[in-house]
Amino acid sequence: MRILIISDIHANLTALEAVIADAGEVDAAWCLGDLVGYGPDPNECIQRVRQLPNLLCLIGNHDAAVLGQIEIDSFNPEARQAVVWTQQNLASANADYLRNLPERALLNSVTLVHGSPRQPVWEYLLDTRTATQNFAHFETPFCFVGHSHLPVIYQLNAGRRSADLIIPETGHQITMAPRAIFNPGSVGQPRDRDPRASYAIFEPEEHIWDYRRVPYDVTSVQDRMQAHDLPARHIHRLSGGW
Ligand code: ZN
């Protein structure tokens, strides 16, 4: 069984299509939130994700912001501008879809959240200290998160009772050992200085995490963002992957 693990698509249809093509046939797809925000294709991305087989999709903080469920005062001005643009351009049926997404799910011995098991929508797992604390907030052998846009693995070291940070190598199939938190990176806005779309294939029976990167036509996305007057900083960052 092959399960497509995607997160932080951020309304980037070109990156999403590249990932789907590169992944090949999958039995299911788990999407860890932030379908919209930043990019020019919010409706198209929601519709495309919904076509994936046996889809499980979670809500992310940008999805919640677009729905008006959270204050966007803490967002920087450009992020706020992108939220407002998305609110103005999102079809009501697609807003309804986002509104019904869960914050947390449990499937095949995996806990799924956007941010962290402790605060599913909001908390960032950016360091081993925060990651270590979060192991107390889920019971399954594995947890999959997105949100930081950084492909990483936090592996709990039972002896030391703390987590080690592992940065996986592209194209490397990792044999998963409990307990661990996996982040597939971001499809539509990678932030590890590698502009290629980031995702993973999870094989539950074999306990394999196949972490992958795929190039896509960044310029075409930037052209659409320009045409919609989306913030220049968001347009530029796609080229450098930050
Ligand atoms: Zn995000």
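So, Y154 sits opposite I181 in β10. Strands here are DSSP E runs of at least two residues, helices H or I runs of at least four, numbered from the N terminus, and two strands pair if DSSP finds at least two bridges between them.

Quick housekeeping. It's a predicted model, with local features needing pLDDT of at least 70 and side-chain atom pairs pLDDT 80 or more, while totals for chains, interfaces and linings use all residues. Numbering runs from 1 along each chain as its sequence is written, and side-chain values use heavy atoms, leaving out hydrogens and water.

Zooming out, 6 strands make an open, mixed sheet ordered β4-β5-β6-β10-β7-β8. At the edges, β4 (104-107) and β8 (162-166) each pair on one side only.

Now, which residues hold the zinc ion? The protein donors are D8 (OD), H10 (NE2), D34 (OD) and H149 (NE2), at 2.0 to 2.4 Å. Donors means N, O and S atoms within 2.8 Å of the metal (3.2 Å for Na, K and Ca); water isn't among the atoms, so sites may look incomplete. In sequence, the spacing reads D-x1-H-x23-D-x114-H. D34 is in the loop between β2 (28-31) and α2 (42-50), and H149 in the one between β6 (142-144) and β7, so this pair ties together parts 115 residues apart in sequence.
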